[in-house]
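Morning, everyone. Please have a look at the model on the screen, and then I'll walk you through it.

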Amino acid sequence: MVADPECVFCKIVAGQIPSFKLYEDDETLAFLDINSVHDGHSLVISKSHYPNVFAIEPEAFAAVARSTVKVARAVNSAIAPHGLNLVQANGPGAAQSVPHFPRSTVAQAKAAAQRHASKQSACLALLERSEGATIRELQQLTNWQEHSVRAFLAGTVKTKLGLDIVSAKEGRGRVYRIASRQRGR
Ligand SMILES: [Zn+2]
(Lines give C-alpha, C1' and ligand atoms only; values in the text may rest on other atoms or scores of the structure.)
Protein backbone atom coordinates (compact mmCIF):
# COMPACT_ATOMS: atom_id res chain seq x y z
CA MET A 1 0.00 0.00 0.00
CA VAL A 2 1.46 3.33 -1.08
CA ALA A 3 1.00 6.24 1.35
CA ASP A 4 2.08 9.86 1.25
CA PRO A 5 2.80 11.18 4.79
CA GLU A 6 1.66 14.68 3.78
CA CYS A 7 -1.65 13.56 2.27
CA VAL A 8 -4.86 14.29 4.19
CA PHE A 9 -6.64 11.28 2.72
CA CYS A 10 -3.74 8.94 3.56
CA LYS A 11 -3.97 10.24 7.15
CA ILE A 12 -7.68 9.44 7.15
CA VAL A 13 -6.92 5.91 5.85
CA ALA A 14 -4.31 5.49 8.61
CA GLY A 15 -6.77 6.72 11.24
CA GLN A 16 -4.58 9.72 12.11
CA ILE A 17 -7.43 12.07 11.19
CA PRO A 18 -10.91 11.05 12.33
CA SER A 19 -13.60 10.55 9.72
CA PHE A 20 -17.15 9.32 9.60
CA LYS A 21 -16.76 6.01 7.77
CA LEU A 22 -19.56 4.87 5.49
CA TYR A 23 -17.96 1.79 4.01
CA GLU A 24 -14.60 0.07 4.06
CA ASP A 25 -12.99 -2.94 2.40
CA ASP A 26 -9.40 -4.04 1.79
CA GLU A 27 -8.78 -1.61 -1.06
CA THR A 28 -11.15 1.29 -0.52
CA LEU A 29 -12.62 3.59 2.10
CA ALA A 30 -15.77 5.70 1.90
CA PHE A 31 -16.43 8.52 4.34
CA LEU A 32 -18.50 11.64 4.74
CA ASP A 33 -16.77 14.81 3.68
CA ILE A 34 -16.85 17.03 6.76
CA ASN A 35 -16.08 20.03 4.54
CA SER A 36 -19.01 19.28 2.32
CA VAL A 37 -21.21 22.04 0.99
CA HIS A 38 -23.82 19.49 -0.11
CA ASP A 39 -25.89 17.24 2.09
CA GLY A 40 -24.74 13.64 1.93
CA HIS A 41 -21.49 14.43 0.11
CA SER A 42 -19.31 11.38 0.54
CA LEU A 43 -15.90 10.44 -0.77
CA VAL A 44 -14.79 7.01 -1.95
CA ILE A 45 -11.03 6.67 -2.16
CA SER A 46 -8.44 4.04 -2.89
CA LYS A 47 -6.51 3.20 0.28
CA SER A 48 -3.32 3.34 -1.75
CA HIS A 49 -2.12 6.81 -2.63
CA TYR A 50 -2.42 7.63 -6.32
CA PRO A 51 -2.33 11.35 -7.06
CA ASN A 52 -4.78 11.20 -9.95
CA VAL A 53 -6.33 9.09 -12.70
CA PHE A 54 -3.12 9.25 -14.74
CA ALA A 55 -1.23 7.37 -12.03
CA ILE A 56 -3.81 4.93 -10.68
CA GLU A 57 -3.68 1.21 -11.48
CA PRO A 58 -6.79 0.20 -13.47
CA GLU A 59 -7.53 -2.52 -10.86
CA ALA A 60 -7.47 0.06 -8.06
CA PHE A 61 -9.82 2.27 -10.09
CA ALA A 62 -12.15 -0.72 -10.52
CA ALA A 63 -12.17 -1.29 -6.74
CA VAL A 64 -13.09 2.37 -6.19
CA ALA A 65 -15.86 2.05 -8.79
CA ARG A 66 -17.32 -1.05 -7.07
CA SER A 67 -17.42 0.74 -3.70
CA THR A 68 -18.84 3.87 -5.33
CA VAL A 69 -21.85 1.90 -6.60
CA LYS A 70 -22.51 0.59 -3.06
CA VAL A 71 -22.19 4.03 -1.45
CA ALA A 72 -24.28 5.75 -4.14
CA ARG A 73 -27.10 3.25 -3.61
CA ALA A 74 -26.90 3.70 0.17
CA VAL A 75 -26.95 7.51 -0.09
CA ASN A 76 -29.79 7.32 -2.59
CA SER A 77 -31.98 5.25 -0.30
CA ALA A 78 -30.98 7.13 2.86
CA ILE A 79 -31.67 10.71 1.80
CA ALA A 80 -33.55 10.33 -1.52
CA PRO A 81 -31.77 13.29 -3.12
CA HIS A 82 -33.17 15.26 -6.03
CA GLY A 83 -30.26 13.94 -8.04
CA LEU A 84 -26.82 12.53 -7.53
CA ASN A 85 -23.55 13.39 -9.25
CA LEU A 86 -20.41 11.28 -9.36
CA VAL A 87 -17.46 13.62 -9.62
CA GLN A 88 -13.85 12.75 -10.17
CA ALA A 89 -11.46 15.66 -10.57
CA ASN A 90 -7.86 15.45 -11.83
CA GLY A 91 -5.51 18.35 -11.28
CA PRO A 92 -6.01 21.85 -9.89
CA GLY A 93 -7.53 23.08 -13.16
CA ALA A 94 -10.35 20.60 -12.57
CA ALA A 95 -10.72 21.82 -8.97
CA GLN A 96 -9.10 18.70 -7.47
CA SER A 97 -8.51 19.81 -3.87
CA VAL A 98 -6.55 16.84 -2.48
CA PRO A 99 -3.95 15.08 -4.65
CA HIS A 100 -5.15 11.57 -3.72
CA PHE A 101 -7.35 9.85 -6.27
CA PRO A 102 -10.91 10.16 -4.98
CA ARG A 103 -14.24 9.32 -6.44
CA SER A 104 -16.78 11.65 -4.96
CA THR A 105 -20.40 10.78 -4.62
CA VAL A 106 -22.28 14.02 -4.50
CA ALA A 107 -25.89 13.93 -3.51
CA GLN A 108 -27.66 17.17 -4.11
CA ALA A 109 -31.00 17.57 -2.49
CA LYS A 110 -32.81 20.43 -4.19
CA ALA A 111 -32.81 22.60 -1.08
CA ALA A 112 -29.09 22.06 -0.56
CA ALA A 113 -28.38 23.04 -4.16
CA GLN A 114 -30.38 26.24 -3.71
CA ARG A 115 -28.61 27.13 -0.47
CA HIS A 116 -25.34 26.55 -2.27
CA ALA A 117 -26.39 28.78 -5.18
CA SER A 118 -27.29 31.64 -2.86
CA LYS A 119 -23.91 31.37 -1.10
CA GLN A 120 -22.23 31.48 -4.48
CA SER A 121 -24.08 34.67 -5.47
CA ALA A 122 -23.16 36.24 -2.14
CA CYS A 123 -19.49 35.41 -2.81
CA LEU A 124 -19.69 36.87 -6.30
CA ALA A 125 -21.15 40.09 -4.87
CA LEU A 126 -18.16 40.42 -2.50
CA LEU A 127 -15.68 39.64 -5.27
CA GLU A 128 -17.21 42.25 -7.55
CA ARG A 129 -16.69 45.03 -5.02
CA SER A 130 -13.71 47.26 -5.76
CA GLU A 131 -12.21 46.29 -2.39
CA GLY A 132 -12.62 42.60 -3.23
CA ALA A 133 -12.58 39.91 -0.55
CA THR A 134 -10.08 37.77 1.32
CA ILE A 135 -10.39 33.98 1.53
CA ARG A 136 -11.18 34.47 5.22
CA GLU A 137 -14.06 36.85 4.46
CA LEU A 138 -15.49 34.41 1.91
CA GLN A 139 -15.21 31.64 4.51
CA GLN A 140 -17.04 33.75 7.09
CA LEU A 141 -19.79 34.42 4.58
CA THR A 142 -20.27 30.82 3.50
CA ASN A 143 -18.98 28.63 6.32
CA TRP A 144 -16.93 26.80 3.69
CA GLN A 145 -13.50 25.39 4.41
CA GLU A 146 -10.59 27.17 2.78
CA HIS A 147 -10.15 24.51 0.10
CA SER A 148 -13.83 24.84 -0.86
CA VAL A 149 -13.45 28.61 -1.25
CA ARG A 150 -10.34 28.09 -3.39
CA ALA A 151 -12.14 25.45 -5.45
CA PHE A 152 -15.02 27.90 -5.92
CA LEU A 153 -12.62 30.64 -7.11
CA ALA A 154 -10.69 28.36 -9.49
CA GLY A 155 -13.54 26.12 -10.58
CA THR A 156 -16.88 27.89 -10.56
CA VAL A 157 -15.79 31.49 -10.99
CA LYS A 158 -12.92 30.98 -13.39
CA THR A 159 -13.80 27.84 -15.33
CA LYS A 160 -17.57 27.74 -15.22
CA LEU A 161 -18.45 31.44 -15.28
CA GLY A 162 -15.33 32.43 -17.25
CA LEU A 163 -14.53 35.40 -15.00
CA ASP A 164 -10.96 36.44 -14.33
CA ILE A 165 -9.91 36.65 -10.70
CA VAL A 166 -7.11 39.02 -9.81
CA SER A 167 -5.44 39.02 -6.42
CA ALA A 168 -3.17 41.43 -4.59
CA LYS A 169 -1.52 41.53 -1.20
CA GLU A 170 -3.02 44.19 1.00
CA GLY A 171 -3.11 45.11 4.67
CA ARG A 172 -5.82 42.55 5.49
CA GLY A 173 -4.14 39.74 3.55
CA ARG A 174 -4.38 38.57 -0.04
CA VAL A 175 -7.46 40.13 -1.58
CA TYR A 176 -9.28 38.58 -4.52
CA ARG A 177 -11.54 40.41 -6.91
CA ILE A 178 -13.14 39.82 -10.26
CA ALA A 179 -11.24 41.62 -13.00
CA SER A 180 -13.36 44.29 -14.65
CA ARG A 181 -15.43 42.67 -17.34
CA GLN A 182 -14.91 43.23 -21.03
CA ARG A 183 -18.41 44.49 -21.64
CA GLY A 184 -20.24 47.33 -19.86
CA ARG A 185 -18.51 50.28 -18.20
ZN1 LIG B 1 -3.00 9.97 -0.18
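Two strands pair if DSSP finds at least two bridges between them. Helices (H or I, at least four residues) and strands (E, at least two) are DSSP runs, numbered from the N terminus. This is a predicted model: local features need pLDDT of at least 70, side-chain atom pairs count only at pLDDT 80 or more, and totals for chains, interfaces and linings use all residues. Residues are numbered from 1 along each chain as its sequence is written.

Take the open sheet. Its three strands run in the order β6-β8-β7, with antiparallel pairing. β6 (133–134) and β7 (165–170) are the edge strands, and each pairs on one side only. β6 meets β8 (residues 173–178) over two bridges, antiparallel. There, Thr134 stands opposite Val175 of β8.

Now β3. Is it buried or exposed? Buried means 20 or more other C-beta atoms within 10 Å of a residue's own; exposed means 12 or fewer; partly exposed is in between; C-beta atoms are placed from the backbone. Five of the five residues in β3 (42–46) are buried, so the strand is largely enclosed by the rest of the structure. Ser42, Val44 and Ser46 cover one side, Leu43 and Ile45 the other. Its antiparallel partner is β2 (residues 28–32), over five bridges. Thr28 faces Ser46 in that pair.

Last, the cores. A nonpolar core is a set of buried Ala, Val, Leu, Ile, Met, Phe, Trp, Tyr and Cys residues joined through C-beta atoms within 7 Å. The largest has 18 residues; Ala30, Phe31, Val44, Ile45 and Val71 touch the most other members. α1 (8–13), β2, β3 and α2 (58–79) each give two or more residues. α2 gives the largest share, five.
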